[in-house]
Amino acid sequence: MSLRAPLRTLGKNGPSVPPLGFGLMGLSGFYGTPPNDEERFQLLDRAVELGETFWDTSNIYGDNEELLCKWFKRTGKRNEIFLATKFGIAMENGKFTGVNSSAEYCKTACAESLKRLGVDYVDLYYVHRVDSETPIEETMRAMADLQAEGKIKYIGLSEVSSTTLRRACKIAPVSVVQMEYSPFVLDIEKARGTNLLQTCRKLGVAVVCYSPLGRGILTSSFTSRDAFKGEGDMRAITFPRFSEENFDANAKLVSQFGALAAKKDCTVSQLALAWLLKQGDDIFPIPGTKKITYLEQNWASKDVKLTDSEEQEIRGFVEKAELALSGYRSMPQGRATISSMDAPLIVVVGALGAQGGSVVSAYLASQKSENFRIRALTSNSSSDAALSLATKPRVTVVGVDLDSPESLAAAFQDANFIFANTIFPPETLITKGGVAAQELEARRGLNVAQATSKIPSLQHLVWSTLPDALRITNGKYAIPHFQSKIPAELYLSDPKNGMDSKTTYLHVGLYGSNLERPPYLPIYTPVANKYVITLPCSPNAIIPFIGDEKLNVGLIVEAIFSQPEKTRGQSVVGASEYISGADWALALSKALHWKKTPTTEAVFVETTQESYKALWGDHIGAEIGIMFAYFDELQEKSFGSSSVMTPADLGIQESLRSTEQRLKDINWETILA
Ligand SMILES: NC(=O)c1ccc[n+]([C@@H]2O[C@H](COP(=O)([O-])OP(=O)(O)OC[C@H]3O[C@@H](n4cnc5c(N)ncnc54)[C@H](OP(=O)(O)O)[C@@H]3O)[C@@H](O)[C@H]2O)c1
C-alpha cells in the first residue's frame, strides 16, 4: 500500500487536498461510545501519518472542536491539516433546537468555533443546513465577509438544492457542496435530488460525500442490527435504513457488495469508497471511524481499482434494489435527520403560471398551511421568476419536462399532494391551429396524469380541467382547449388506474383579467367614445368566471385539500360568479371609473361567429368563438350539473374576490393607451 495519494483540486481554482477526507463526527458520539482522548489522539496522529489530512468536523459534533484544539496544541500540526467545520444547526444542551443560517448566527458561530478550535482560521467553512427563512444571499454575504476577514479560506454548503447553489454562487464562490453520496444513496445524481451533481459540475463545485459508507451499512459490520443499537448509537432508532422492517432487504443488497469485494480481495467499505473515487476527480468521500484499523483500510481504498464494468455492476446492485426499496431507503426519511423534511409535500405543476402561482401563494400566505413543503415545478428553473420563487420559505423550485415521463416521475417523487394544470400552448395554436395545440396539451396532460398514478405517497390530486363539451352536447361543440384536458381526465377517472378516489376535478372559469390581452382586449371606438367588448354570444349568456384568479384558484385548491373526505372523487367549479359578457363590460366600466382615468364607458356588443372569426382569424377566432356559442347554449349548465360542488359548498364563497375587484387592480391607463 502506498501511503501518500495524489492530491485533487477542491473546486474550481481550489486548494489541493487528499482525495479521501476523514469524518470526525463519530469521535464524539452518535455511533456509539466515543474512545478516550488518548485513543482519539492516536487515531488523529495515524491519519496525519497516512496523509489523510482533510478533516471534517462541525460545531455540533459533541466535543469534536475541543478535541482538535487539544490535539493541535499537543502536536503543533495545525498547518498540516485542511480543516473544515460547519454552522447552521442550532443546539442547546445537546438537543437540536432548529436550523439557523442567518448572517448574525453565521458570524457568531464562526467566532465560537475558532475559539473552541484554538485557531485563527478554518480552511473550509460550511453552511451545515439552510433555514427556510434566511435568503441564501444573506448567508453568503456573511460567509464572504468572514472570508475577507481571513477567518475562513473557502466556502462550502451542505444539504442544498441546485437552485440554492446557483443563487449562492452569484454572491461568492462556493468551493464545495457536502451531501450524502455513496453507492447506497444516489440522490444527487437524480432529479429527486435536484440533479445536484450535474449542477456542481457545471459550476465547478467539488462534492464532498458525507456518510460514504451509508453510516455503516456499506461495511462488513452490516450483518446484525445489534451492531447499530449499542449505547450512544442513534442509528437503529433514527434511520429507517437500519430499522427492523428494512434490515433484511438492505442486508441482501450489501451481500452483493460482499461477493464482489471477496472477488476483488478487498473489503465492502473499500469497494464502496473506490466506487465513489471512480466517479470523478471532483468527488471527495469523508468516511468516519473510531478505529485505526478501519482508518487504514479506508485510506487504502484509493489503491483499489475498479474496472468500468465493476463500477456498473455496483451501480446495478443499487438501482435494481431501488425499485424494491424506494420510499424508505433514502430520501426523505433516510437522509434528513434534522430538517423540516417530514412536513407534507405539495407539488405544484406550472408553479409560475396563473393557477399554479395562485396555489403556491395561497400556501405561503396561509397559517393553516405553514407546515407544508412546496415543490414548485417549472419548465425553466433558471429563469428570474424561478430564482425569485426559490427565495421563498419552504419552496424548492424544480425543473420539469412535461413531455418526459421520467422527468415527471422524478418531480413527483414523495409528493403527498399535487396540483396539476397544463396549458393550451399558445404558440402552437397561433402557428398550427387548435387541433395541433389540443393534441400537444392532451399528450402532456396524459403524461402528468399517468405519472401521478405511480406515486405511492400521493394522497390527493387536484386536476385543473374543463368540461367535456363534446360529450355533454352529443358531439355538437368541439372546443379544442376544453377537449385537450379530457384524455387525462378519462385516465384519472378510470377506476383501473387507481386515481379517481384520490382526484378532485377542478373546472376553472374565465379569468376576468383576460380583458388585458387579445382577443378580449376592449377596442376603443372614437365615434361613440366607448370601449367595446365584442363576443359572439348573446348579452345574456351565462359565463363562469374565476374572478381574481391570482387569489381564488389557490383558496379553492387549499379548501379542497383540507376537506378530502368531501372532495376526493368529485368535481368542483372554480368560479367566483356566473356573469354575462354584458356584466363583464359593466365590471370594466366600474374599474375604469374607479381609477378615474379614462372615464369612458365599456359596453358589450354581440357579434356573429363569422365576424368574430374574420376579426381574430381561423385559429383564435374559431377557438374562442365556439366556446362562447357553447356558453350561450348551455347557460348555467356549461360547467356541469347540480352534482358539481361549488366554492359555497367548500365554505369559502365569501373569501373569493370578484371579477370586478380583479379588474380594479389592472393599470388600464397603460393597457388602453
Ligand atoms: N453534512 C452533513 O450533514 C453530515 C451528516 C453526516 C455526516 N457528516 C460527516 O461525514 C462524516 C462521515 O459520515 P458518517 O460518519 O455518518 O458515516 P460513514 O463514514 O458512512 O460510516 C461511518 C460508520 O462506518 C463504520 N466504518 C468506517 N470504516 C469502516 C470499515 N473500514 N469497516 C467497517 N466499518 C467501518 C464506522 O464504525 P466505527 O465508528 O466503529 O469506526 C462508523 O460506524 C462524518 O464523520 C461527518 O464528518 C456530515
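Which elements each supply at least two residues of the lining of the largest cavity? The views below take up this question and others for a predicted model, in which local features need pLDDT of at least 70, side-chain atom pairs count only at pLDDT 80 or more, and totals for chains, interfaces and linings use all residues. Residues are numbered from 1 along each chain as its sequence is written, and side-chain values use heavy atoms, with hydrogens and water left out.

**View 1. The largest cavity and its lining.** The elements in question are β21 (530–535) and α23, where helices (H or I, at least four residues) and strands (E, at least two) are DSSP runs numbered from the N terminus. β21 gives the most, with three residues. A cavity is a set of points, on a 1 Å grid over the protein atoms alone, where a 1.4 Å probe fits but cannot get out, and lining residues have an atom within 4 Å of a point. About 40 Å³ of space lies in this cavity, a volume being the space filled by probe spheres set on the points, which are joined across faces, edges and corners. Among the lining residues are Pro519, Tyr520, Leu615 and Trp616. The lining divides into nine nonpolar residues, one polar and no charged, with Ala, Val, Leu, Ile, Met, Phe, Trp, Tyr, Cys and Pro counted as nonpolar, Asp, Glu, Lys and Arg as charged, and the others, Gly among them, as polar.

**View 2. The largest pocket, with lining residues from domain 2 and domain 3.** A pocket is an open set of points with protein on both sides within 12 Å along at least five of seven lines, and the largest has a volume of about 1400 Å³. Of the 43 residues that line this pocket, the closest to its centre are Thr422, Ile423, Phe424, Pro426 and Tyr511. Domain 2 (343–508) and domain 3 (511–547 + 571–673) each provide at least three lining residues, the bounds coming from an automatic or database domain assignment. The helix α23 (609–634) is among the elements that supply at least two residues, and α23 gives the most, with four.

**View 3. An open sheet of three strands.** The strand order is β19-β22-β24, with mixed pairing, and two strands pair if DSSP finds at least two bridges between them. β19 (510–511) and β24 (577–579) are the edge strands. β22 (residues 543–547) runs antiparallel to β24, joined to it by three bridges, and Pro544 stands opposite Tyr578 in β24.
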